[in-house]
Amino acid sequence: RPLFIEVDPPRGNDQRQELLEGLRAERASIAPKFFYDVLGSRLFEAICELPEYYLPRAEREIMDANGAEIAAAVGPGCTLIDLGAGNCEKAERLFGLLKPAQYVAVDISVDFLRDKLAVLQDRHPGLDIIGLGQDFSRRLVLPSAVRGERRLFFYPGSSIGNFTPVEAAAFISRIQASSGKDGMVLLGVDLAKEKAVLEAAYDDALGVTAGFNLNILNNVNRIVGSDFDVRDWTHVAFFNERDSRIEMYLEAKREVTVRLPDAPRAFRAGERIHTENSYKFAEASLNALTAQRGTAVRRCLFDRQRRFAVALF
């Protein structure tokens, strides 16, 4: 069985406090990491199959076309550290090329990851597999069980876009601090493109992304003991061209009063709760992101339509 370590065991008081501060703010917000309870993780798997959500297909095209080149640059026997591993599918496709000595899957959704790793270990019985339950958006801690040699941090899917530009730079710096002298990063980045294409990717015709967004309220109810009713809210997603980011919200359909510890919170009809930003990078801003102190960009690879990029640095 894979080794599983909860680096940051869920502390209800900390999570409740973070959520309550966001919900009580004048402009209410919920951090996107709270999307990923078990149901939210499964809904995101479904999103990745949607025709409008081009990101995983564009990234897979890049990896399929350039996997051998990436593997040659990395070399066999790396420690593959998969940040936000989810169902581990993207990393597993690299096993044959990279031949990692150890696979380390890091995710905040502990129960979902634990189940996926048990299945993964059955398929790869000879591979040293470790699962880390950790909120790496706040800090990145790698226990001693993680090999220190030739670490390759894998952060696909353009999840880096959930950070502001300043936060993204700080996050890359935290990876650098944990990478060692011979560490590398393989980073997926979504590129800016037509507004209609971007908005369709985050507001699909089937409404799967809407369900994913609304389900965050169910998770909030479990953590803080609130009484959000998903039927009172609707999904809103649009591209903010000035800041080059998708913004997602939940908008109240009517006047709603939600029970929270200590005091209720009233929402006006049309008032919104912010749930996610997803920044889209121009090639110049991608270069700035990867041009951190002490880094050397090996390759920046694109799909044929230049919708998406994978950077190795």
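Which ring does the charged end of Arg-306 sit over?

## Charges over rings

The charged end of Arg-306 sits over Phe-302, 3.8 Å from the ring centre. Arg-114 lies over the face of Phe-4, at 4.3 Å from the centre of that ring. A charge sits over a ring if NZ of Lys or CZ of Arg is within 6 Å of the ring centre and within 35 degrees of the ring normal.

## Basis of the model

This is a predicted model, with residues numbered from 1 along each chain as its sequence is written. Local features need pLDDT of at least 70, side-chain atom pairs count only at pLDDT 80 or more, totals for chains, interfaces and linings use all residues, and side-chain values use heavy atoms, leaving out hydrogens and water.

## Aromatic pairs

The structure holds 16 aromatic pairs (Phe, Tyr or six-membered Trp rings with centres within 6.5 Å; planes under 30 degrees apart are stacked, over 60 edge-to-face, the rest tilted). Phe-35 and Tyr-36 are edge-to-face, because their planes stand at 85°, with centres 6.2 Å apart. Phe-35 is buried at 0% relative accessible area; Tyr-36 is partly exposed at 27%. Buried means under 20%, exposed over 50%, partly exposed in between (1.4 Å probe, protein chains only).

Tyr-155 and Phe-171 form a tilted pair, 5.2 Å centre to centre, with 50° between the planes. This pair links distant parts of the chain, 16 residues apart: Tyr-155 is in strand 5 (residues 151–155), Phe-171 in helix 7 (residues 165–179). Helices (H or I, at least four residues) and strands (E, at least two) are DSSP runs, numbered from the N terminus. Tyr-155 is buried at 5%, and Phe-171 is buried at 1%.

## Ring cluster

Ring pairs join Phe-35, Tyr-36, Phe-44, Tyr-53, Tyr-202 and Phe-212 into a cluster.
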